[in-house]
Amino acid sequence: MLHIAILIPFLWAALIPLMRWFSRIHAGWAVLPVPVAIFAYLISQMSQIGSGENIVVEIPWMPDLGINLSFVLDGWSLLFGLLISGIGALVVWYSMFYMGKRTDSIRNFYVYLLLFMGAMLGVVFSDNLMVLYGFWELTSIASFLLIAFWYRRERSRYGALKSMLITVFGGLAMFAGFNLLYAMTGTYSIREIAAQASELVDQPLFLPAMILVLLGAFTKSAQFPFHIWLPDAMEAPTPVSAYLHSATMVKAGLYLVARMSPIFAGATEWFWIVSLTGLVTLTYGSFKAIRQTDLKALLAYSTISQLGLIMSLLGVGSAAAFYTDADQVAWFGLATTAAVFHLINHAVFKGSLFMVVGIVDHETGTRDLRRLGGLMKLMPITSAIALIGSFSMAGLPPFSGFLSKEMFFTAMVHILEFDVLNAGSWMLLLPILAWIASVFTFVYSMILVFKTFGGKLKENTLDKKPHEASAGLLASPILLVSLAIVFAFMPNLLAYNLIDPAVAAIRGGGVDFESVHVSIHFWHGWTPELWMTIGVVLLGTLLYRTYTRFKLLDREWSNRDTLNRLYNGLLSLLENGGRRLTDLYMTGSVRHYLIYILIFFIAALCGTLVFSPDIRLGMDNYAPITFYEVALVVVMLATAAAVPFARSRVNAILFTGAVGYMVTALFLIFRAPDLALTQMIVETVSVVLFLLCFKFLPKLKSTKERPVFKWTNLLVAGGVGVTVTLIALASMGSSPFEPISTYFLNESYKSAGGKNVVNVILVDFRGFDTLFEIMVLGVASLGIFGLIKLGVQTTP
Amino acid sequence: MEWIMAIAVGALFMIGVYLILSKGLLRIILGTSLLTHGVHLLLMTMAGLKRGAAPVLSDGVESYADPLPQALILTSIVISFGITALYFVLAYRAYQTRGTDEIDGYDVED
């Protein structure tokens with residue numbers, strides 16, 4: 001069943017275009033059953049997972065490569081499956097009222113959305129790393145398509161490209177990391193790799209694999225400094241922002257980090273990288289969120305910040321892996337529980353907040369905080385939803401965000417007692433950063449709700465007369481915020497069914513659920529966490545009242561966007577640099593290309609000669625030197641050397657011809673009569689041909705002048721000459737075998753009936769060569785004929 | 001003898017390459033001619049220049065020159081002749097249509 005749940009969205013996506021035959025029905029109605037059915041299926045499996053029994057499906061795909069479609073449903077993937085299908089259903093419902101039926105190309109929208117849903121389910125259910133990677137990239141592609149849904153807008157295309165580049169960069173790094181894991185363990189199955197985890201830590205590839213996998217997770221989950229794509233992805237339609245860029249896809253990185261925890265946790269690098277990246281992202285995102293004036297940008301930075309929070313909790317939770325004692329594991333592993341709980345809470349309140357922003361946008365025509373205000377009376381239900389969502393986000397009672405924020409503080413305070421790393425007072429950094437970030441979180445949550453709905457109505461700035469949204473549009477966010485309240489008052493409902501199995505899955509290694517169970521209460525007594533929350537509220541209120549007056553948030557200063565400038569600069573640097581580099585060496589001059597080729601030739605061959613020990617220059621067994629040969633060689637070289645100095649064409653041609661005749665003479669001396677004959681005829685015909693064509697050449701002044709002399713040409717030419725000489729000597733010095741010519745000499749008359757051995761070789765032993773050599777001549781003559789007879793266009 | 005031939009082949013290569021690197025089309029073609037000569041002599045030399053009769057069987061002769069490289073060179077001579085002839089006619093046509101002798105004067109685009 002599990003694999004069918006992944007398959008259905010893809011199949012459905014293929015069928016959605018058929019909805020154009022039912023143009024009176026909104027295509028969303030056809031889509032809605034898919035997430036609902038998957039959600040129902042997953043709910044029905046909950047009790048089985050809750051009892052500690054995982055569902056495994058394995059279908060062979062490429063078994064020789066170790067790549068199989070193996071899917072596992074355990075606590076952690078069940079949680080994600082429920083989020084994807086549950087929020088997916090709500091988003092589909094919401095989009096039916098949000099997106100117009102005719103104005104938008106609505107069927108494309110649902111095809112992309114279903115594609116994304118299937119890919120995301122594939123990511124969370126895959127046990128095989130390669131299959132996971134495949135689905136992972138598919139989510140990137142679906143996200144790209146959805147961000148650029150209004151593709152006529154320049155900003156949409158920019159945002160889509162940016163998110164594509166960054167997430168695919170991370171995806172490729174992750175792919176490399178997966179392959180390193182395969183190199184170490186010989187399997188792509190996550191469960192099998194986790195089983196070998198204890199042997200991996202000391203391997204040299206362990207750290208590179210960890211960093212590469214984390215790169216993939218950090219880029220997808222918009223961690224610092226890869227978060228820059230997320231605010232630009234807000235150009236997508238709001239249902240997409242709510243679904244992909246708050247509840248599901250950006251959590252794929254968190255999913256991966258948690259999924260890889262049984263493999264990597266226990267390494268101190270993992271603890272530090274994951275925790276600190278998370279905390280930096282948390283603080284930076286919450287600080288940036290305060291400065292935004294666009295509601296969706298504020299929510300984007302808030303998402304970045306909250307993802308950082310969960311990431312840091314996952315990092316801190318990995319401290320449990322350093323202990324074996326059950327109590328201590330539970331004590332330090334609390335952070336993991338908090339991470340899972342906050343993940344659920346965030347999906348709930350962020351989804352509802354995005355939908356609220358969509359409603360505000362829909363009803364007023366703007367998302368600009370400076371133009372909004374006083375909508376409380378006109379849109380009471382929407383503002384109530386926003387209030388609950390924001391308070392939950394800020395971590396205020398009595399909403400579920402309060403509980404997870406408390407657990408977050410608890411975990412960050414607990415970690416001070418973590419003594420394995422000998423980090424000493426550095427550990428204090430964690431709770432302090434966490435607390436500061438929570439203050440900022442409080443402030444932007446208040447800005448979100450009170451700047452939009454509180455204050456006075458600025459009616460003249462709005463495009464439309466605002467009024468309450470329709471019931472259909474409100475249904476999804478109402479359901480979500482009521483969940484935020486339900487989870488707050490009955491957290492253990494969630495704890496037993498979802499959180500405990502998920503935490504056990506993250507912890508790995510057959511941990512039983514009882515040992516990970518932490519009961520979640522509203523009231524802990526007067527703990528440090530509570531004082532921290534009170535501090536957050538007090539300082540946050542103060543900051544919210546005064547933040548406009550702070551120099552800190554002065555527009556000049558806050559609008560500086562270094563990382564985006566870096567990204568744009570890097571992109572144009574790559575483009576311009578690439579173009580300049582290409583312009584530098586692709587000059588269009590044949591001479592330059594020849595020089596590259598020849599220099600490579602010289603370097604490669606001389607390098608081999610020098611560095612290869614087996615090659616030696618042979619000097620023995622040479623034929624004796626005779627006068628005639630030497631004299632011929634000298635004359636030949638002298639005439640050849642005269643060619644470059646020839647001032648006129650005729651001389652150059654004649655000198656070359658003379659070289660040819662010297663070669664003929666050398667052939668004669670070296671006992672090759674056939675060669676001498678052929679060479680002489682060929683040389684004669686060539687010279688005649690040259691002279692014949694020369695007669696028809698246009699008169700050109702330059703050719704009559706003394707040829708230009710170039711030192712670089714001489715140097716390269718000299719290098720080639722020396723290389724060839726050395727190779728000739730080396731090949732004669734190191735040929736270990738006897739020639740096979742005795743066979744030809746013995747068999748020429750006996751087998752072939754000819755006494756001229758060269759001719760017998762040409763037409764009998766190796767007749768094929770001759771056949772094709774005749775063909776070469778034929779083709780050349782046809783070419784010459786064509787060149788002269790056809791296409792006679794004269795000089796323009 | 002072989003080392004003298006090796007040096008001679010190197011010198012032919014050097015002159016040929018030098019000519020190929022120049023601008024005039026004619027000089028480039030002549031350069032390829034010289035390179036061809038160099039290659040043929042290299043083939044000949046590398047097979048060994050030991051004395052023996054020409055490889056035409058006759059009674060009473062014990063040792064012959066190696067016939068195989070000779071067959072290879074013969075093939076090569078014919079092929080390079082075909083190429084050179086085509087090359088030259090190509091250059092001739094280029095002169096006719098473009099009216100210039102220098103290769104770098106060509107615009108790559110057209």
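**View 1. Arg766(A) and Asp769(A) form a salt bridge in this predicted model.** Arg766(A) is partly exposed, at 35% relative accessibility. Its partner in the salt bridge is Asp769(A), and the closest N and O atoms of the two are 2.9 Å apart. Asp769(A) is also partly exposed, with a relative accessible area of 29%. Over all chains, the structure holds eight salt bridges. Side chains of opposite charge can pair when their charged atoms come close.

**View 2. A salt bridge joins the side chains of Asp127(A) and Arg191(A).** The N to O distance is 3.4 Å. Asp127(A) lies in the loop between helix 5 (106-125) and helix 6 (129-147) of chain A, while Arg191(A) lies in helix 8 (residues 190-195) of chain A, so the pair ties together parts that are 64 residues apart in sequence. Arg191(A) is partly exposed, with a relative accessible area of 40%.

**View 3. Arg155(A), Lys162(A) and Asp232(A) are linked in a network of salt bridges.** Asp232(A) is buried, with a relative accessible area of 11%. Arg155(A) is partly exposed, with a relative accessible area of 41%.

**View 4. Strand 1 and strand 2 of chain A form a hairpin.** Strand 1 (residues 55-62) and strand 2 (residues 67-73) run antiparallel and are joined by seven bridges. Ile59(A) stands opposite Leu69(A), a residue of strand 2 of chain A. Four residues lie between the strands of the hairpin, in which Gly66(A) takes a positive phi near 75°.

**View 5. Met260(A) is among the residues that touch the most other members of the largest nonpolar core.** This core has 207 residues, and Trp76(A), Tyr110(A), Phe178(A), Leu181(A) and Trp270(A) share that standing with Met260(A). Helix 16 (residues 326-364) of chain A supplies the largest share of the core, 20 residues. Which residues does Met260(A) touch, not counting those up to four places away in sequence? They are Leu129(A), Phe178(A), Leu181(A), Ile190(A), Val213(A), Ala265(A) and Trp270(A). A second, separate core has 75 residues, including Phe670(A) and Ile761(A) from chain A and Ile15(B) and Val17(B) from chain B. In soluble globular proteins, nonpolar side chains tend to be buried together.

**View 6. Chain A and chain B bury about 7900 Å² between them.** Of this area, 78% is on carbon and sulfur atoms. The contact takes 101 residues from chain A and 78 residues from chain B. Phe670(A), Arg671(A) and Leu787(A) supply 8% of the area that chain A buries against chain B, more than any other three residues.

Key
Residues are numbered from 1 along each chain as its sequence is written. Chains are lettered from A and ligands numbered from 1 in the order in which they are written. This is a predicted model: local features need pLDDT of at least 70, side-chain atom pairs count only at pLDDT 80 or more; totals for chains, interfaces and linings use all residues. Side-chain values use heavy atoms; hydrogens and water are left out. A nonpolar core is a set of buried Ala, Val, Leu, Ile, Met, Phe, Trp, Tyr and Cys residues joined through side-chain atoms within 4.5 Å. Buried means under 20% relative accessible area, exposed over 50%, partly exposed in between (1.4 Å probe, protein chains only). Helices (H or I, at least four residues) and strands (E, at least two) are DSSP runs, numbered from the N terminus. Contact means heavy atoms within 4.5 Å. Two strands pair if DSSP finds at least two bridges between them. Buried area is the accessible area (1.4 Å probe) that two parts lose on being put together, summed over both. A salt bridge is a side-chain nitrogen of Lys or Arg within 4 Å of a carboxyl oxygen of Asp or Glu.
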